[in-house]
Structure formats: structure tokens, C-alpha cells
Amino acid sequence: MKLLILNGPNLNLQGRRDTDIYGTKTFGEFMEELRKDYPLLEFEYFQSNIEGELIDRLHRCDRDRCDGVILNAGGYTHTSVALRDAVSAIRTPVVEVHISSIMAREEFRYVSLLAGVVRGSVMGFGLDSYRLGVEYFRLNNNL
């Protein structure tokens, strides 16, 4: 099974930015753990601060035969109709994740434009939110 982990803006700063909220582990360190913990899964990772690059990568999912996408759209979660449209335009299932609970943050973060077009959302469990997204795909593919 091939899963794409797709991270949006500022997630390249994981481990350095707002460590009281997001923790000190880098995303590279976390990806090493995931690959070790799930040796039967193939992970692809892509991060961009540019909305159009995230959309382009989603559009390629069907062609690349991804079995699923774990998407942390960062701030675009609350603002990007275009990203929502890209998720709804592909056949590949998408799970939305957030490191922090967006419902426990500033009021402008309470709304996810993605929530209505993804399989589900996981938030507030730190980097383990991604692991829970992986578990969704693993369990639904009987692995």
C-alpha cells in the first residue's frame, strides 16, 4: 500500500516553530519512525508552502496509484476553496490531520473547509495524528 503524506505551509518548520504547540521532533525524524513502524507500507512525503503545488500533487494521486493521502493543509485548511476542490476532484481517499486541535486554538481556525470532502479528520494528538491516519488506511486495507 502506498500512502502520500502531504503537508502544507510552515510544516517544514516542524520541530522549530511553536514547539509548545507542535513539539520538538522534526518531520524527518517522525517519517523515519513511521517507515520503521510500518515496513509493509510505502510512504511518499511532500511538503510545500505554495498552494498550487499542493493542488498539483493531489491531482497526480490517481495517476500515481496512491492508495491514500494523509493531508495536513496547515493554514490552508481554513482558507482554501481551491484545495478543497482538488481533494473532491480525485478518487484517492484523503484523511485530514492536524498536530494541534484546531478547535482549541484561535476562533478563525475552527472551520475546516476540507472536512466535508475527506474521509475523516484527526487532530490534537501531536504527530501521532498522522499515525492515526495511517491506521485508518491500514485497517481498511486489511494490513
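The legends below describe close-up views of a predicted model.

**View 1. The largest nonpolar core.** Twenty is the number of residues in this core, and those with the most contacts inside it are Ile5, Leu34, Phe43, Ile70, Tyr130 and Val134. At least two residues of the core are supplied by each of strand E1 (2-7), helix H2 (27-37), strand E4 (94-98) and helix H5 (128-140), while the largest share, 4 residues, comes from H2. Another core, of 18 residues, lies apart from the largest one, and includes Ile55, Val69, Val87 and Val94. In soluble globular proteins, nonpolar side chains tend to be buried together.

**View 2. The two sides of helix H2.** Phe27, Phe30, Met31 and Leu34 are buried in H2, and because these buried residues fall within an arc of 100° when seen down the helix axis, they line one face of the helix. Glu32 and Lys36, on the other side of H2, are exposed. The cover over the buried residues of H2 includes E1, strand E2 (42-47) and H5.

**View 3. Thr77 in its loop.** Thr77 is found in the loop between strand E3 (68-72) and helix H4 (81-89), and with a relative accessible area of 0% this residue counts as buried. Not counting residues up to four places away in sequence, Thr77 touches Glu96, His98, Val111, Ser112, Leu113 and Leu114.

View 4. Glu44 in strand E2 and Lys2 in strand E1, which are 42 residues apart, form a salt bridge whose closest N and O atoms are 3.9 Å apart. Glu44 is partly exposed at 23% relative accessibility, whereas Lys2 is buried at 17%; both belong to a network of salt bridges that also links Arg57, Arg60 and Asp64. A salt bridge also joins Arg131 and Glu33, with 3.6 Å between the closest N and O atoms, and this pair links helix H5 to helix H2 across 98 residues. Arg131 is buried, with a relative accessible area of 17%, and Glu33 is partly exposed at 27%.

View 5. The side chains of Glu135 and Arg138 meet in a salt bridge of 2.7 Å, N to O, and the two residues lie 3 residues apart in H5, about one turn of the helix. Arg138 is partly exposed, at 22% relative accessibility.

Methods
Residues numbered from 1 in each chain as written. Predicted model: local features only at pLDDT ≥ 70, side-chain atom pairs only at ≥ 80, totals over all residues. Heavy atoms only, no water. Core = buried A, V, L, I, M, F, W, Y, C linked by side-chain atoms within 4.5 Å. Buried < 20%, exposed > 50% of the residue type's maximum accessible area, 1.4 Å probe, protein only. Contact = heavy atoms within 4.5 Å. Arc of directions from axis to C-beta. Salt bridge = Lys/Arg side-chain N within 4 Å of Asp/Glu carboxyl O.
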